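Here is a guided walk through one model. Keep the sequence and the 3D view side by side as you read.

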Amino acid sequence: MRPELDPVIHAPTRLRIVALLAASDEVEFAFVRDTLELSDSALSKQAAALEAAGYVRIRKGHVGKRPRTWFSLTREGRAAYESHVAALQAIVAGSGHSLLPARPAG
Amino acid sequence: MQISPEEAAKALDEIARTRHRTLRNAPPLFPSWYLSFIWGGITVVQFATEVLHGPASWAGVAVVLAALAVAVVKFLRDMFRLPMRPHRSVVDPWAWAGFAGWIVGTQVLCFALLAVFGATGLPYPRTFSSLAVFAVALVTAPALPRWMALRNARRAEATDS
């Protein structure tokens, strides 16, 4: 099957979030926010969009008395990301450009 | 959806940079206190079975087993609460080889010290050799999961360069 670009993932902020999650089993909200230098509201908004697409699972919990939120890619999310990366690589390779390495995690 | 090769190349570059930053910022791979705790438990068991006798010996072993059970639960809970756990696809197999090397190395050191202490006639050689390795574990264990996380980051950077 030919890899397809995924419009849900392709938006720049969502692409970075999904790339971060692809390298992880599970990631805490603050780690994503700080690593990608996003605001709380921007991350919440994008995470909600990815969750609505079925690509991200959101888990709520506590560390001590403090509430925490963890994100992880669903199986569909990881498959969509890998397909998206493969499509990007195919576009670059097809153009004769040197292929920038960005191997999908998984 | 159509994009230009330049846009695709830029997106791939962004993905690689995000991956590197993620792994560079990753916390130690697991809570290091657990390894020291195991060696602490081994030391107490040696003390209980070599120095103590009768009911005190059994009580010492029972306390260690109970403490180990609590430690396993706490370890799993701590693992579940790490800010980031790397996906298996980005974990460097050499990091786990290093982990296995540390486990084997501390055991070999313990047996070597036991042989030396036994040969020199030191009293309670099992207890003292375990105690020495417990001290080594206290010093070296915190560096191990940090080093493992660093290996993952370096491997990703080497693979993508």
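Which residues of α6(B) are buried? They are B:Leu144, B:Met148, B:Ala149, B:Arg151, B:Asn152, B:Ala153 and B:Ala156. Bear in mind that this is a predicted model. The buried residues of α6(B) pack against α1 (5–25), α2, β1, α4 and α5 of chain B. Helix α6 itself covers residues 143–160 of chain B. Its length agrees with expectation, because 18 residues at 1.5 Å a residue should span 26 Å, and the end C-alpha atoms are 26 Å apart. An α-helix has 3.6 residues a turn, so residues three or four places apart point the same way.

Now take another helix of chain B. Helix α5(B) runs over residues 125–140 and has 16 residues. From first C-alpha to last, α5(B) reaches 22 Å, close to the 22 Å expected at 1.5 Å a residue. Its buried residues are B:Arg126, B:Thr127, B:Ser129, B:Ser130, B:Leu131, B:Val133, B:Phe134 and B:Ala137. These pack against two helices of chain B, α2 (33–50) and α4 (93–120).

Next, turn to chain A. Chain A has five helices and three strands. Along the sequence they follow the pattern α-α-β-α-α-β-β-α. Of its 106 residues, 40% are buried. Take the contacts in chain A between residues at least 6 apart in sequence: 55% of them join residues at least 24 apart.

In general, strands of a sheet pair through backbone hydrogen bonds, either parallel or antiparallel. Here the sheet is open, has four strands and pairs in the antiparallel sense. Its order is β2(A)-β3(A)-β1(A)-β1(B). The edge strands are β2 (56–63) of chain A and β1 of chain B, each pairing on one side only. On average, neighbouring strands are turned by 20° against each other, direction ignored. Helix α4 (residues 40–52) of chain A packs on this sheet. It touches β2 and β3 (66–73) of chain A, and its direction makes about 125° with that of β2(A).

Walk across the sheet one pair at a time. Start with β2(A) and β3(A), which pair antiparallel over eight bridges. In this pair, A:Val56 stands opposite A:Leu73. Next come β1(A) and β3(A), antiparallel over two bridges. Here A:Glu28 has A:Trp70 in β3(A) as its bridge partner.

The last pair crosses between chains. Three bridges join β1(A) to strand β1 (residues 84–86) of chain B, and the two run antiparallel. A:Val27 has B:Met84 as its bridge partner. A:Glu26 stands opposite B:Arg85.

How many residues of chain A are in contact with chain B? The count is 31 residues of chain A, in contact with 27 residues of chain B. On the side of chain A, the elements that give two or more residues are α1 (7–10), α2 (12–22), β1 (24–28), α3 (29–36) and α5 (75–95). The largest share, six residues, comes from α5(A). By class, this side of chain A has 19 nonpolar, seven polar and five charged residues.

Look also at the nonpolar core. The largest one has 60 residues. Those with the most contacts inside it are A:Val18, A:Leu21, A:Val27, A:Leu88 and B:Leu12. Recall that A:Val27 is also the bridge partner of B:Met84. Leaving out residues up to four places away in sequence, A:Leu88 touches B:Ala8, B:Ala11 and B:Leu12.

B:Ala8 lies in helix α1 of chain B. Is B:Ala8 buried or exposed? It is buried, because 25 other C-beta atoms lie within 10 Å, and 20 or more count as buried. Setting aside neighbours within four places in sequence, B:Ala8 is in contact with A:Leu88, A:Ile91, A:Val92 and B:Ile3. Now find B:Gly41, 33 residues from B:Ala8 along the chain. The C-alpha atoms of B:Ala8 and B:Gly41 are separated by 54 Å.

Key:
Residues numbered from 1 in each chain as written. Chains lettered and ligands numbered in written order. Predicted model: local features only at pLDDT ≥ 70, side-chain atom pairs only at ≥ 80, totals over all residues. Buried ≥ 20, exposed ≤ 12 C-beta atoms within 10 Å, placed from the backbone. Contact = placed C-beta atoms within 7 Å. Expected span 1.5 Å × (residues − 1). Core = buried A, V, L, I, M, F, W, Y, C linked by C-beta atoms within 7 Å. Nonpolar A, V, L, I, M, F, W, Y, C, P; charged D, E, K, R; others polar. Pairing = 2+ DSSP bridges. Axes fitted to C-alpha atoms, helices over the stretch in contact; angles between N-to-C directions.
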